[in-house]
Amino acid sequence: MAEALNGNRSILVVGGGITGLSAALEAAETGFPVYLVEKEAYLGGRVARMNKYFPKLCPPNCGLEINFRRLKNNPLIQTYTMTEVEKVEGEEGNFEVTLRTSPRYVNEKCTACGLCEAAATTEVPDPFNYGLKQVKAAHLPHEFAFPLRYVLTPEVLGTAEAEQIKAACPYDAIDLDMEARQMTVSVAAIIWATGWRPYEAEKIAYYGFGKQQNVITNVMLERLAAANGPTAGKIRRPSDGGEVKRLAFIQCAGSRDENHLPYCSGVCCLASLKQTTYLLEQDPEAHATIFYIDIRALGRYEAFFTKVQADERVTLIKGKAGEISEDPQTGMVTVQVEDQATGKILRDQFDLVVLAAGMVPNSPTVSVHNTQVAHDESGFMLTSQAVSGIIGAGCVKQPVDVATCVQDATAAALKAIQSTCRR
Amino acid sequence: MEPKNVSLEMRDYIAEMGAETINWCMQCGLCTNLCPWRLVPGETSDGFNIRHMQRLGQMGMEGFEEETILFACSTCSMCQSNCPRGVKIVDNVRGMRASIVGGGMAPAHLRPILGSAHANGNPWAGPREKRTVWQEGLDIPQFGPETEYFLFVCCHSCYDPRSTKIARSIAALLRHAGVSFGVIGAEESCCGESMRKMGDEELFLKLAESNIELYNGKGVQKIITTSPHCLWTFKNEYPELGGEWEVIHYTALLSQLQEEGKLPLAKSLAKKTAFHDPCYLGRHSEIYDAPRQLLSSALQADPVELGRARELSLCCAGGGGRIWAEVPMGERFGELRIKDALNVGAEVLATSCPYCLNMLTDACKSLDQQDSLEILELSEILAGALEEGQ
């Protein structure tokens, strides 16, 4: 019936994180063809890099696996990794979108056998693990990567090493001459689900992130706690691999601050509360302290907050931490804070300090007929757009948790479907 | 604990005196933690908590007016520049001080300073006619209708013998670069920046109005300041009183001239040199690169950076009237700054503010480190590089 109204029933989903995946599946399972494009070499986005969800403390990989199976079983979804939107033309019901795919230098013949990785010698910081470890120039983006295919970093192109890597592959899957490709798709609607990135914590100069090894961000702690992370799930001090007995969280590292992010990032309090449980599970004798301005645990999350708060190994102190300094000899990090309950200046030492860095939206960068896809002053995409048929979903619209992203994805899928049959 | 009363009248009065943003504070305490007073021990450090002081102001409660609390802040802006709510903390300190000083209750040690500024137009008890003594033998041009820049020399560099070298060096550099500049002389008055920070609104107005009338009468359009404090008040406080000029600190002008090729300098200084960012040049005016660029061009090796540099620079403790405060040894920020410099192996600590020069020199002496570390104003180093280059 929709075809009778409109020739184009296809939907483009930009972003293959939890929001984009969910929107793509919802639309496709309703019978609409979907192009799903993802900038990275794998699907799953930020969620793939997380250890556990709050408040249930279950692993995100389980839900991702179910989604990947749904995706594999659905012939209506075409997935393109390492692909970004270059240009959008047309109008609701009839967009022409130019996509650009960066070269992966590994083709579809790859069986993920790993011989290329064994042949590589150059190492680069692993972006999946926020640089907490190095990876070989030929590597699988991560253990559970979907699609399960290796990728070659362009740094080694033109070297003898690249030739060795190519020679090591028994399947002729390494293509050193691969070039960027452009393609055009016709779609009725575009769901924009490009998500977020952590705030650059080094911009908060007085916290010394990037200069002090035992000061890390909350996303990095997810990797340290994850079984497929750089430390096989053991939370250790980056400086010397030492034990973490005393862990501190600095809330609002960037958020609620006019000099950085003027908004509350919404999830960091719950993330830190969750992360205290990682350490206490690993070491029942350990202790965690959360320095906060206000704990924001909305709705039913209040129960999770009170549960963590009741644990006597967790201390919550109201006060925004000032300077953080690491002793180069011992690696211990001193945090200074004014306890707002007592007015006392506290100076305490920790093995590891986690900055609860805020969420920064990956704002839409395209325009349609000179009309820029609209966002607010912080970069969050607006719900109401001048060009109909371009629909934001998830963290690109507002800083929210995974459950809210999935709900928003479903709503976006319905709106996109409406675009396919609206005159 | 004896009960204290909330006074909305007092709160409103404080806000009226300049603490307009005092109610924006959300009590996170970042200000107190970033305050340089946390880095030293002692009575003032124990008693002075900037968040708490503003909280008292918010409620109009007594307890803030004690000298060790109300007059402790050096207005370095470390807190203000980082405040998550954009609270104008320095204005709040000024407003709270004004609510006390305006009632004739200035602290005893500041009265002679304020008195001298009233009587002589400078806080250094120097007679007006001696304002031009620094110029002796230099043939400094008078500002006239044909002159492009009026050079305003900070009172400190007019009267303090050590500091006069700054004025002399800057004049030599300007002359060498072919800048059209002149001074007015004995009729000039103190810019009043520190007087206002100490809470004397009336005195500030008197000084500012006298300067504005004088400069406008002479046809001043552009001003070069030697001190970042004069720069800041001319730029930020004078315009609403009728003093609207193009104001530039000497470092910014010289770095422009250098880029234009008008200030060739020889890389003459061989000593390992670090730069201390003055609060009023750095955090208050956001000038970080110009002095470094100038310094680099006069050094044989690259300058070394202090641990706390640029926007994290540690105050010398000379702003906000603190240059006149008596502080016990071991509680002086300047001493920490000397240690910062020694820690990076510096043999020279350069700065570009007369107050910083004064405070750092004193601190270096009190730590008995004069033989290891020389304190110089940037202009002196540059002028030295000129002579050798000629």
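A: The secondary structure of chain B consists of 18 helices and seven strands, where helices (H or I, at least four residues) and strands (E, at least two) are DSSP runs numbered from the N terminus. Chain B has a radius of gyration of 21 Å, close to the 21 Å that the globule rule gives for 390 residues, so it is as compact as a globular protein of that length. That radius is taken over C-alpha atoms, and the globule rule is 2.2 Å times the number of residues to the power 0.38. Taken along the principal axes, the C-alpha atoms of chain B fill a box of roughly 70 × 50 × 35 Å.

This is a predicted model: local features need pLDDT of at least 70, side-chain atom pairs count only at pLDDT 80 or more, and totals for chains, interfaces and linings use all residues. Residues are numbered from 1 along each chain as its sequence is written, while chains are lettered from A and ligands numbered from 1 in the order in which they are written.

Of the 390 residues of chain B, 54% count as buried. A residue is buried if 20 or more other C-beta atoms lie within 10 Å of its own, exposed if 12 or fewer, and partly exposed in between, with C-beta atoms placed from the backbone. Among contacts in chain B with a separation of 6 or more, 80% are between residues 24 or more positions apart; two residues are in contact if their C-beta atoms, placed from the backbone, lie within 7 Å.

The domain assignment divides chain B into domain 1 (8-101), domain 2 (108-256) and domain 3 (263-389); such bounds come from an automatic or database domain assignment. The C-alpha centres of domain 1 and domain 3 of chain B are 28 Å apart. Between these two domains of chain B, 15 residues of domain 1 are in contact with 17 residues of domain 3. On the domain 1 side, helix H3 (43-47) and helix H6 (78-82) of chain B are the elements that give two or more residues. By class, that side has eight nonpolar, seven polar and no charged residues. Here Ala, Val, Leu, Ile, Met, Phe, Trp, Tyr, Cys and Pro count as nonpolar, Asp, Glu, Lys and Arg as charged, and the others, Gly among them, as polar.

Now the helix. In helix H8 (residues 111-120) of chain B, the buried residues are B:Ile113, B:Leu114, B:Ala117 and B:Asn120. They lie on the same side of H8(B), because they cover an arc of only 160° around the axis, the arc being that of the directions from the helix axis to the C-beta atoms. The face turned away from the buried side of H8(B) carries the exposed residues B:Arg111, B:Pro112 and B:Ala119. Helix H11 (193-197) and helix H12 (201-218) of chain B are among what covers the buried residues of H8(B). Just after H8(B), B:Gly121 has a positive phi of about 75°.

Last comes the partner. The contact involves 16 residues from chain B and 18 residues from chain A. Helix H2 (30-34) and helix H4 (50-59) of chain B each supply at least two residues of the chain B side, and H2(B) gives the most, with four residues. The chain B side divides into five nonpolar, seven polar and four charged residues. Chain A itself has nine helices and 24 strands, and buried residues make up 48% of its 423 residues.
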